[in-house]
Amino acid sequence: MFRSARQAYSEEFRHATGESLELVFAVVQFDRYNAMGTQADVTTIRITQSVRLFIEEHARRTNPAECCGVLSGANGVITDTHPLRNGADNPETRYFATPEELFAAMRRIREAGQSLLGVYHSHPRTPAYPSSSDVEMAFYPEAVYFIISLEPSIELRAFKIEDARIENVEIVVNP
């Protein structure tokens, strides 16, 4: 029987922690109006230069494997990075945030009074565009998904992914 990515991830999380995956999703609640501004449909996202540089460095450091992590901030500006270990069976072509680290990152975000605003990962050898597995693993429809490509040149792009729909999001880098 075919299992969805969410079902597989839920089972992995339950096995690793003994807890329900739904706890992870409940730890940081989204308020898209406060987190992302007043727009329900996000067309731009603001990040700091230090966040942009961190994502690039994380991608270079883990190459040839994909890096992954979550991004947080307040008032629609991403200011903090939370790198996660890629626990995928084939980390050169997929990413899978380990449940324990994801839960810990969500807790840190909540304790800092921030919101989860983004999820990032790298494509070491392919363009910065969501793959079918990226779309399947897009569990947070309110978040912006960042993909950094390393080849043929470094490119950071952002997307909204909801119900298998992919929409471009403009990245505005603040000093």
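Okay, let's start with a hairpin: strands β5 and β6 make one, and five residues sit between them. Before I go on, keep in mind that what you're looking at is a predicted model.

So, β5 runs over residues 144-149 and is mostly covered, with six of its six residues buried. Which way do the side chains go? Val144, Phe146 and Ile148 point one way, while Tyr145, Ile147 and Ser149 point the other way, and all of them are buried.

Now, who are the partners of β5? With β6, residues 155-162, the pairing is antiparallel, over five bridges.

How many aromatic pairs does a search of the whole structure find? One. That pair is tyrosine 129 with phenylalanine 159, and it's edge-to-face, with 5.4 Å centre to centre and 85 degrees between the planes. Tyrosine 129 is in the loop between β4 and α6 (132-136) and phenylalanine 159 is in β6, so the pair ties together parts that are 30 residues apart in sequence.

Are these two buried or exposed? Phenylalanine 159 is buried, with a relative accessible area of 0%. Tyrosine 129 counts as partly exposed, because its relative accessibility is 39%.

You'll find isoleucine 166 in strand β7, residues 165-174. As for cover, isoleucine 166 comes out at 28% relative accessibility, so we call it partly exposed.

α5 spans residues 99-111, which is 13 residues, and it reaches 18 Å from first C-alpha to last, close to the 18 Å expected at 1.5 Å a residue. Which residues of α5 are buried? Pro99, Leu102, Phe103, Ala105, Met106 and Ile109. They cover an arc of only 160 degrees around the axis, so they sit on the same side of α5.

Just after α5 comes glycine 113, with a positive phi of about 75 degrees. Then look at glutamine 114, in the loop between α5 and β4. Why do we call glutamine 114 buried? Because its relative accessible area is 18%, and the cut-off for buried is under 20%.

What does glutamine 114 touch? Leaving out residues up to four places away in sequence, the list is Ser72, Gly73, Thr79, Asp80, His82 and Ile109. Two of those names come up again as polar contacts: the glutamine 114 side chain makes one with the side chain of serine 72, at 2.5 Å, and one with the side chain of aspartate 80, at 2.5 Å. And Ile109, also on the list, is one of the buried residues of α5.

That's my tour, thanks!

Definitions and conventions. Residues are numbered from 1 along each chain as its sequence is written. This is a predicted model: local features need pLDDT of at least 70, side-chain atom pairs count only at pLDDT 80 or more; totals for chains, interfaces and linings use all residues. Side-chain values use heavy atoms; hydrogens and water are left out. Buried means under 20% relative accessible area, exposed over 50%, partly exposed in between (1.4 Å probe, protein chains only). Helices (H or I, at least four residues) and strands (E, at least two) are DSSP runs, numbered from the N terminus. Two strands pair if DSSP finds at least two bridges between them. Rings of Phe, Tyr and Trp (its six-membered ring) pair if their centres lie within 6.5 Å; planes under 30 degrees apart count as stacked, over 60 as edge-to-face and the rest as tilted. The expected span of a helix is 1.5 Å times one less than its number of residues. The arc is that of the directions from the helix axis to the C-beta atoms. A polar contact is a pair of N or O atoms within 3.5 Å; within protein, one must be able to donate a hydrogen and the other to accept it, and residues adjacent in sequence count only if both atoms are side-chain atoms. Contact means heavy atoms within 4.5 Å.
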